[in-house]
Amino acid sequence: MKYVEKLQDRLNETELKQLVESTLPDRKLEKVLLIHPDYTRVDFSHVLVPIIYRELKKRGLKVLHTLNASGTHRAMTEKEIRKKLGLLEEEFVMFNHEYANPNVLLYVGELSAEFVSEKTMGDLQQPFPVTLNKLFFEKYDLIIVLSGTSPHESTGFSGGLKSIIPGIAGPDVVGLFHWAAVLIGIPRLIGLVDNPARDVINEASKLAFRKVQSDVIFYNMVYEETDSAVVAKGLYSGEGFEGALEAYRRAAEASKQVHIVYIDKPVKRAVQVIDENYDEVWTAGKGSYKLQRPGVIEPGGEIIIYAPHIKIFHSNKQMDQAIRQIGYHCKDYVKEFLKKHPNFDRNVAAHVINVRGDGKYDPIAGKEEFLFNVTLATSISKEDCEAVSLGYRPYQSIRREDFMDEDSLWIEHGGKFLYELRKSQ
């Protein structure tokens with residue numbers, strides 16, 4: 001594993017180029033697959049990929065395929081992909097991963113019932129098939145996996161093998177790892193390098209690496225988003241399955257120093273100002289996730305997701321309807337719901353729990369109690385918010401000056417930083 005980092009400063013292009021030069025294989029690389037982050041990640045792919053592209057050209061690159069590791073997010077347009085990768089005029093063939101399309105998936109094995117039971121605390125006790133995008137198993141001279149690492153609600157930290165599972169995986173294993181994460185809960189998972197959800201990712205990735213025909217190299221980015229630019233802080237590279245784990249762990253340690261904001265006392269309300277790259281509640285829910293560490297929000301407090309540009313819960317109509325069917329509830333409520341609807345999409349079930357946060361449900365009284373409230377200040381109507389059991393505020397009523405007191409937080413670039421009480425540092 002090799003890396004370069006400047007956590008108190010910024011990396012320049014020369015330093016990034018030197019790491020790429022020293023890590024790409026020194027041989028002919030005529031056909032290459034690049035797996036990359038999607039539009040929801042504001043990172044420095046647009047700087048790094050052109051460097052990689054030029055180095056590949058020196059090694060004889062003729063055919064470049066790119067695969068958007070979108071997981072359950074929407075597809076990207078050609079314009080979005082070119083901007084994301086910084087390849088505005090270069091010739092390459094681009095693909096979006098389609099996680100629900102069986103025609104693009106390859107079965108690579110299954111996770112045993114014993115393993116599934118252990119990682120879901122006995123909640124699920126059947127084997128789970130692992131399917132991945134077929135492109136990962138085609139013969140290339142090299143596969144490059146590019147990702148960013150920051151605190152993540154379902155995997156502790158993002159990046160590394162998460163680009164494979166769920167990035168280019170099929171629906172069953174994606175639903176499993178989301179559900180394993182939910183059973184632990186965001187407050188006890190986010191910001192942890194090792195956890196049961198990561199175990200699911202690693203075990204499923206082992207199955208994939210047994211079948212892959214190409215050498216695979218990983219690049220993990222650590223960065224800071226400012227008002228004017230994305231600042232490169234670290235780049236970590238590893239080869240194959242073990243190299244991916246090493247690069248991820250090193251990047252996660254760096255992310256702890258860059259992406260965790262410490263506060264001195266709990267707050268009554270917090271406004272997460274969501275950037276336009278989070279364009280549906282499915283992704284803007286990170287504004288809730290990143291405030292759920294114990295004690296950050298006072299009991300009965302309020303998290304406001306401020307995003308006037310958001311008009312939908314999910315861009316996929318089927319998933320949008322599923323969210324509207326179940327609504328946003330605590331884990332105990334959703335588990336009761338799943339008893340009556342055993343085939344309900346567990347990705348959606350995990351999402352609604354994660355956004356709504358910890359709570360209690362009395363199935364006899366039909367009453368829920370939550371630690372805090374979640375309010376949407378978006379272009380979604382009051383009626384639609386209330387129908388899914390979320391609070392509503394007109395986005396026009398949200399003013400920065402109203403949240404400048406000591407009991408409030410106003411957070412630009414919402415959902416990008418994890419908040420933690422200083423006493424737990």
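Me: How do you know that helix α1 (residues 13–23) and helix α2 (residues 45–58) come close to each other, and at what angle do they cross?
Reply: In this predicted model, the axes of α1 and α2 come within 10 Å and cross at roughly 45°.

Me: Why are α1 and α2 called oblique to each other?
Reply: Roughly parallel needs an angle under 35 degrees, and roughly perpendicular needs 65 to 115. The angle here is roughly 45°, so α1 and α2 are oblique to each other. Their crossing is right-handed.

Me: Which residues make the contact of α1 with α2?
Reply: From α1 come Glu13, Leu16, Lys17, Val20 and Glu21. From α2 come Val47, Leu48, Ile51, Ile52, Arg54, Glu55 and Lys58. By class, this contact has six nonpolar, no polar and six charged residues.

Me: Which residues of α1 are buried, and what puts them on the same side of the helix?
Reply: Glu15, Leu16, Leu19, Val20 and Thr23 of α1 are buried. They cover an arc of only 135° around the axis, and therefore lie on the same side of α1.

Me: What do the buried residues of α1 pack against?
Reply: They pack against β1 (2–5), α2, β10 (216–225) and β11 (230–239).

Me: What makes the buried residues of helix α3 (residues 78–85) line one face?
Reply: The buried residues of α3 are Ile81, Arg82, Lys84 and Leu85. Seen down the axis of α3, they fall within an arc of 160°, so they line one face of the helix. On the other side of α3, Lys79 and Lys83 are exposed.

Me: What covers the buried residues of α3, and which residue follows the helix?
Reply: The cover includes β2 (31–36), α2, β3 (63–68) and β4 (93–96). Glycine 86 follows α3, and its phi is positive, near 70°.

Me: Why is methionine 121 called exposed?
Reply: Exposed means over 50% relative accessible area. Methionine 121 has 59% relative accessibility, so it counts as exposed. Its place is in the loop between α4 (113–119) and β6 (128–133). Methionine 121 also has a positive phi of about 55°, although it is not a glycine.

Me: Why is histidine 413 called buried?
Reply: The cut-off for buried is under 20%. Histidine 413 has a relative accessible area of 14%, so it is buried. It is found in the loop between β19 (408–411) and β20 (418–421). Histidine 413 is not a glycine, yet it has a positive phi of about 55°.

Me: Is leucine 245 buried or exposed, and what is it in contact with?
Reply: Leucine 245 has a relative accessible area of 16%, and buried means under 20%, so leucine 245 is buried. It is found in helix α7 (residues 240–259). Leaving aside its neighbours within four places in sequence, leucine 245 is in contact with Leu161 and Asn202. Leucine 245 and asparagine 202 are 43 residues apart in sequence, and their C-alpha atoms are 8.6 Å apart in space.

Me: Where is proline 166, and what kind of peptide bond joins it to isoleucine 165?
Reply: Proline 166 is found in the loop between β9 (156–157) and α5 (171–184). A cis peptide bond joins isoleucine 165 and proline 166, with omega about 15°.

Me: Why are helix α11 (residues 331–340) and helix α12 (residues 346–356) called roughly antiparallel?
Reply: Their axes come within 9 Å and cross at roughly 155°. An angle over 145 counts as roughly antiparallel, so that name applies to α11 and α12. The crossing of α11 and α12 is right-handed. The contact is made by Lys331, Val334 and Leu338 of α11 and by Arg346, Ala349, Val352 and Ile353 of α12. By class it has five nonpolar, no polar and two charged residues.

Me: What makes helix α10 (residues 317–326) oblique to α12?
Reply: α10 and α12 pack at an angle of about 55°, with their axes 10 Å apart.

Notes:
Residues are numbered from 1 along each chain as its sequence is written. This is a predicted model: local features need pLDDT of at least 70, side-chain atom pairs count only at pLDDT 80 or more; totals for chains, interfaces and linings use all residues. Side-chain values use heavy atoms; hydrogens and water are left out. Axes are lines fitted to C-alpha atoms, for helices over the stretch in contact, and angles run from 0 to 180 degrees between N-to-C directions. Helices (H or I, at least four residues) and strands (E, at least two) are DSSP runs, numbered from the N terminus. A crossing is left-handed if the near helix is turned anticlockwise from the far one by less than a right angle, and right-handed if clockwise. Contact means heavy atoms within 4.5 Å. Ala, Val, Leu, Ile, Met, Phe, Trp, Tyr, Cys and Pro count as nonpolar, Asp, Glu, Lys and Arg as charged, and the others, Gly among them, as polar. Buried means under 20% relative accessible area, exposed over 50%, partly exposed in between (1.4 Å probe, protein chains only). The arc is that of the directions from the helix axis to the C-beta atoms.
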